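Hi everyone, thanks for coming.

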Amino acid sequence: MYIAGMNSTQTTPMKLMLTRFGLRFPRLALLAVLAMTVALTLQFPKVNFDNDPENMLRYDEPVRVMHREVQERFDLYDFVVVGVVNETHEGGVWNPETLGRIHQLTHELLSLDRNEEGRPVIIRDGEAMIPDVRPQGRRAEILSAAFNQNPEHLFTEDGEPGLIGREIISPSVVDTIRQLDMGALDIRFLMEEVPETQAEADALFAEALANPLYRDTLLSENRKALGIYLPIVGKEFSFNLATLVETLTADWPEEDQVYITGLPVAQDTFGQEMLVQMATSAPMAGLMIFLLLLFFFRRFSLIMAPMMIAIFSVLCTMGLLIGLGYDVHIMTSMIAIFLMPIAVADSVHILSEFFDTYPRFKDKRATLEHVMGHLFMPMLFTSLTTIAGFASLAFTPIPPVRIFGLFVAFGVALAWLLSVVLVPAYIMVFVPGKSLDRLEAPSKETQVKSGLLDRFLVGLGRFAVRRRKGVMVLLGVLALVSVVGISRIQVNDNPVLWFTPSHRIREADRVLNRHFGGTYTAYLQMSAPETAGEAPVILPVDAPEALRDLAAEEGTWEDLLSLAMETDAERLPAWDALGDVILYLDPEGLDWQRLSEALQESPEATRNVFLESAEALRELQGADLQDAALNRVDDLAGRRWEDWVRDARVDAEAPAFRNPAVLRWVADLQAHLAEGDVIGKTTSAVDALKKAHLELNRTGAEDDEVRFYSVPDNASGTAQVFLQLEGMKKQDALFHLVTRDYQQASLWLQLTSGDNQNMVRAVDQVEDWIAANPPPVDLAFEWAGLTYLNVVWQQRMVGGMLQALAGSFVVVLLMMTFLFRSFRFGLLSMLPLSLTIALTYGIIGLVGKAYDMPVAVLSSLTLGLSVDFAIHFLQRARELVRETGSWAEAWPLMFREPARAISRNAIIIAIGFTPLLFAPLVPYRTVGFFLATIMFVSWLATLLILAAVISFMPKALFGRQASAVEATDSM
Amino acid sequence: MQTQLKIRIISILLPVFLTGSIWAEEAPPVNEIIRRAEKAAYYAGKDGVADVKMVIHDASGGTREREFRILRWNGEDGQQKFYVYFNGPADVRRMAYLVWKHGPGRDDDRWLWLPSLGRVNRIAPGDKRTSFVGSDFVYEDVSGRDPNDDEHELVEVGETQYHIRSVPKDKGSVEFASYEVWIDRETHLPVKAEYTDSRGNVYRRVTADRIEVIDGHPTVIVSTVEDLSRNSKTVNTFSNIQYDVGLNENIFSERFLRRPPREAVR
């Protein structure tokens with residue numbers, strides 16, 4: 001497979017230093033490697049999984065800092081979303097039985113506590129009970145034990161539940177404010193008691209639906225679905241909490257379907273699945289490679305060495321990763337799968353060569369020294385290029401990808417070292433000389449077996465050389481197709497889409513997003529600067545001259561107020577006194593006679609004005625008379641300027657989100673967003689305000705909604721309504737939407753899809769509208785929320801990957817130029833991999849497969865692996881041209897043994913990954929599919945393109961040696 | 001020498017003797033202690049007036065203030081009427097609450113006046129344990145909890161305080177599972193109350209931080225509520241406290257919500 005005699009045939013002691021160590025102390029070398037592997041494998045139980053897409057960005061990345069600030073400022077938590085869906089009952093979930101179950105579940109979750117043994121306890125029907133959350137089934141048990149997963153881990157270190165009870169959103173514990181029939185304002189939880197009849201359930205539904213905060217969040221308009229939102233202290237509790245909910249709802253009837261979703265659950269569940277993948281996919285890939293090796297080489301003792309290298313390097317790399325305290329992320333969980341074929345390659349070459357040359361030397365040590373001297377440089381360079389490809393990922397801005405790149409690079413280096421030291425040691429110890437003595441020159445068996453492949457390769461070579469113009473045209477066409485495809489690439493990632501469509505998470509996601517406004521959230525932060533510029537005070541026309549003059553001179557509020565009070569003092573005290581006399585009268589039996597008598601003591605002037613203008617009240621009696629008389633007094637007294645100035649000051653100094661103009665502007669923005677199809681629902685403090693304003697004013701008239709479902713007219717009005725909301729039963733619920741100083745507010749967007757393109761469209765919609773409709777006061781806008789974070793890291797990923805790819809391209813080009821001591825050969829060796837990468841991404845663009853993280857990382861893998869083929873091809877071509885004297889003589893030989901070696905390598909890697917195609921997680925499938933594609937394309941590209949291009953310009957490449965090519969070349 | 005010894009013996013014996021005398025004294029029945037405490041805390045005088053400055057400290061260190069005046073009038077059989085008039089912040093000035101407490105076993109009547117809406121809202125009888133104007137105090141802290149709603153148990157008779165544990169009769173009606181209260185034996189005022197949730201954790205604490213005798217009535221001048229789960233607290237500071245000012249019962253009516261009485265404004 002590896003081509004002997006690469007570049008330098010003489011064996012220098014430097015090259016053989018490592019191998020000689022292995023030959024001299026084989027047992028020591030084997031023991032040392034074994035000890036290292038065992039030591040590092042022992043690190044495995046320390047494993048910590050990180051499935052948080054947030055960690056795709058650095059912790060101090062500005063958008064994450066912002067996200068955390070927002071979470072803190074508004075006390076926002078990640079939610080486990082429990083959707084209860086009833087499609088069969090007439091009333092949907094709004095029937096007494098289902099609501100009863102929801103109520104019970106809510107209270108059971110609220111009662112979650114830890115007993116003395118540290119086990120979770122809930123109260124069911126008044127009795128303490130330990131829910132059985134342990135894994136079901138033997139396999140799940142073993143896995144959870146192996147990876148230290150404790151399903152009863154539901155509490156923080158200080159014993160508090162990971163579920164934040166007081167912030168649970170469920171009908172049983174969310175506020176409602178409403179005007180009862182008898183005209184009383186009722187502030188309570190929506191469902192303090194479970195309705196007993198269907199009619200009561202219907203009424204409850206109507207009430208919930210009428211609340212803009214709950215519609216499409218807590219309940220669906222079609223009555224079929226109801227959402228319970230369980231806030232958690234940290235994402236690490238989400239899977240266990242989901243399991244707890246499943247346990248508690250296990251006895252629910254089939255009509256009441258329970259779906260659990262939310263990004264944290266998706267992430268945590270992914271972690272669990274990842275664990276299963278690591279435990280199955282990697283060994284399966286290993287087994288597949290083993291079987292292929294057995295098929296090609298048919299010698300058990302021979303293929304043990306490559307398998308050993310693969311297993312040792314994978315175990316050591318993962319052990320080191322875990323031991324160094326890095327979390328296992330979706331990317332790093334794939335290290336084993338990426339590493340295995342690369343690790344196998346080197347040792348396969350050594351053994352292949354060893355068995356071919358042994359009969360010449362009839363001595364293990366001598367044969368090995370010969371082989372290693374031969375292979376040292378090609379192995380070093382193919383390893384170095386692979387390392388360069390992966391190490392370049394260290395320059396991406398995405399931490400998990402960096403770790404992945406660096407550790408695969410480490411694994412490749414380790415595999416190379418093990419190949420150089422361990423394989424010779426293995427042969428010295430485990431392969432008996434006797435069995436080797438029976439070896440003949442290169443096994444004919446193999447040649448016969450792969451006769452089909454040989455015939456194909458010969459034909460391929462002929463095609464590449466004779467139809468080289470056609471090949472070049474094809475190359476051009478493919479390049480063009482690739483460009484078109486690449487231009488269509490859709491950058492998109494969505495953690496929920498990491499699951500296959502039939503997975504229960506995907507199903508829950510689908511069902512709940514169909515019923516609700518969307519389970520993907522983003523927040524638009526609106527912040528007002530500390531001090532807003534004050535508008536000039538405009539007094540009404542009836543204002544006294546002095547007051548207006550002072551306002552015009554921009555007098556201070558204090559001055560205005562004292563002047564207003566002076567103005568009032570000239571006129572009002574007499575009226576106040578008169579009014580008080582009337583006010584304190586007992587309305588019982590009050591008539592005009594008694595009223596006027598009571599006024600006897602009041603100053604005459606005021607009294608006379610009142611009595612003359614109040615003639616019309618003579619017939620009234622009791623409370624009616626008292627109220628009418630008081631209103632009369634108010635009219636006669638006229639405006640109280642003190643109140644006017646105070647109110648004007650409140651308006652002028654109101655914080656942004658108590659300013660009615662700003663609040664109406666937010667409402668307009670929400671109305672605009674409701675029209676689009678990207679955003680399922682928006683929620684803001686304005687919704688709560690309008691609802692409370694309506695209920696506080698409700699009269700029972702039909703036009704209540706029209707008149708009062710609105711923002712109050714002035715800042716005092718908004719303040720007074722907001723104050724009622726501050727005092728709701730679920731305390732501080734309002735402050736999830738607005739800060740306590742009302743200077744900042746959060747607009748909560750619910751999207752029905754977590755695709756970043758959807759998020760980008762939402763951002764555009766918001767920003768376009770704001771640009772066309774600037775807010776009434778200066779506001780700063782910022783985005784937060786998990787869905788938005790995804791957009792940011794995906795943008796980083798594209799840019800970062802391109803940079804990494806470009807960087808490693810240059811590095812590999814330089815390495816090739818150095819290896820071949822020729823810039824032309826360097827360029828030439830880059831050609832097949834360039835086409836492979838272009839074509840791979842072109843296909844991704846054309847078939848509409850989203851460019852997600854695994855896809856992005858594949859570019860480095862392609863670079864690292866497919867350049868190996870080119871190295872072998874070109875190196876061998878040079879040798880053969882040197883031996884035969886011309887390219888014309890050399891190329892038919894090229895398509896025999898060398899082409900076969902390259903083909904085998906490609907087949908092993910491609911087929912070795914087919915188990916991935918059956919993985920339940922989409923990223924693994926993606927990697928499996930594209931690895932196969934990449935191997936196929938780069939294998940074909942190497943053989944076709946290199947042969948064709950060389951045939952165009954053998955002289956330019958090989959110099960005089962190749963002059964004969966023109967004569968023999970037939971076209 | 002002899003006298004010195006005597007004095008020393010006395011000084012050692014004196015506290016023992018005093019303590020002994022307290023132990024010797026029969027503690028009154030727990031319901032009596034509670035009744036006296038309720039009287040001291042909520043029924044001092046025939047009526048009362050006080051200005052309250054309320055400061056709400058949230059978990060992140062921010063504060064919000066409210067200023068209001070409370071007028072209280074005592075009727076017969078535990079009946080009471082409260083009038084709460086807001087002076088600040090400026091945007092809620094003139095907002096007012098009216099509470100009619102009908103005594104044991106009956107729901108209170110409550111009204112709310114929002115001046116900018118120009119409307120009086122009657123508040124449905126119901127949860128008295130909702131926040132009072134967004135603070136950590138609940139309505140019940142302002143007007144008092146009906147002693148008949150709980151079963152009381154005397155836990156300990158301390159040197160200066162009675163320690164009582166109370167469990168609500170209707171568990172579903174309140175958010176706590178039980179509370180403990182420490183009542184000063186001399187003034188009869190509750191000086192500390194701690195509320196325990198169903199998980200057995202103390203999550204709320206009310207304390208009387210300063211007590212002064214005003215017009216012969218021991219009176220809480222500063223009191224604090226801490227919400228330990230939300231890490232928030234509210235401090236009420238009382239001033240201009242007066243008892244027996246001769247409040248007119250009529251001012252505790254809807255008409256006086258719309259037009260505040262002199263007693264509230266001046």
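This is a predicted model: local features need pLDDT of at least 70, side-chain atom pairs count only at pLDDT 80 or more; totals for chains, interfaces and linings use all residues.

**A sheet, a helix pair and a contact**

In chain A, four strands make an open sheet, ordered E12-E13-E11-E14, with antiparallel pairing. Which strands sit at the edges? They're strand E12 (679–683) and strand E14 (780–784) of chain A, and each of them pairs on one side only. Going from one strand to the next, the twist averages 20°. There's also a helix packed on this sheet: helix H3 (residues 62–73) of chain A, which touches E11, E13 and E14 of chain A. The direction of H3(A) makes about 95° with that of E14(A).

Okay, on to a pair of helices. Two packed helices are described by the angle between their axes and the distance between the axes. For H19(A) and H23(A), the angle is about 160° and the axes are 7 Å apart. Because of that angle, H19(A) counts as roughly antiparallel to H23(A). Who makes the contact? From H19(A) the residues are A:Trp557, A:Leu560, A:Leu561, A:Ala564, A:Met565, A:Thr567 and A:Asp568. From H23(A) you get A:Trp641, A:Glu642, A:Trp644, A:Val645 and A:Arg649. Sorted by class, the residues of this contact of H19(A) with H23(A) are eight nonpolar, one polar and three charged.

Now let's bring in the other chain. Where chains A and B touch, chain A supplies 36 residues and chain B supplies 31 residues. On the chain A side, the elements giving two or more residues are strand E7 (184–189), helix H19 (557–583), helix H23 (641–653), helix H25 (685–697) and helix H27 (715–726). So both helices of our pair turn up here again. Which element gives the largest share of that side? H27(A) does, with seven residues. As for classes, the side of chain A that touches chain B has 14 nonpolar, nine polar and 13 charged residues.

Strands take part as well. E7(A) is joined by two bridges to strand E6 (residues 119–123) of chain B, and the two run parallel. On that stretch, A:Ala184 stands opposite B:Arg122 in E6(B).

Let's zoom in on H27(A). This helix has twelve residues and reaches 16 Å from its first C-alpha to its last, close to the 16 Å expected at 1.5 Å a residue. Is H27(A) mostly covered or mostly open? Mostly covered: eleven of its twelve residues are buried, including A:Gly717, A:Phe722 and A:Leu725. The cover over those buried residues includes H23, helix H24 (660–675) and H25 of chain A, together with strand E5 (109–114) of chain B.

Last, a few words on chain B itself. Chain B has five helices and 13 strands. Its C-alpha atoms fill a box of roughly 80 × 45 × 40 Å along the principal axes. Of the 266 residues in chain B, 36% are buried. And among chain B contacts between residues at least 6 apart in sequence, 42% join residues at least 24 apart.

Definitions and conventions. Residues are numbered from 1 along each chain as its sequence is written. Chains are lettered from A and ligands numbered from 1 in the order in which they are written. Two residues are in contact if their C-beta atoms, placed from the backbone, lie within 7 Å. Ala, Val, Leu, Ile, Met, Phe, Trp, Tyr, Cys and Pro count as nonpolar, Asp, Glu, Lys and Arg as charged, and the others, Gly among them, as polar. Two strands pair if DSSP finds at least two bridges between them. A residue is buried if 20 or more other C-beta atoms lie within 10 Å of its own, exposed if 12 or fewer, and partly exposed in between; C-beta atoms are placed from the backbone. The expected span of a helix is 1.5 Å times one less than its number of residues. Axes are lines fitted to C-alpha atoms, for helices over the stretch in contact, and angles run from 0 to 180 degrees between N-to-C directions. Angles under 35 degrees count as roughly parallel, over 145 as roughly antiparallel, 65 to 115 as roughly perpendicular and the rest as oblique.
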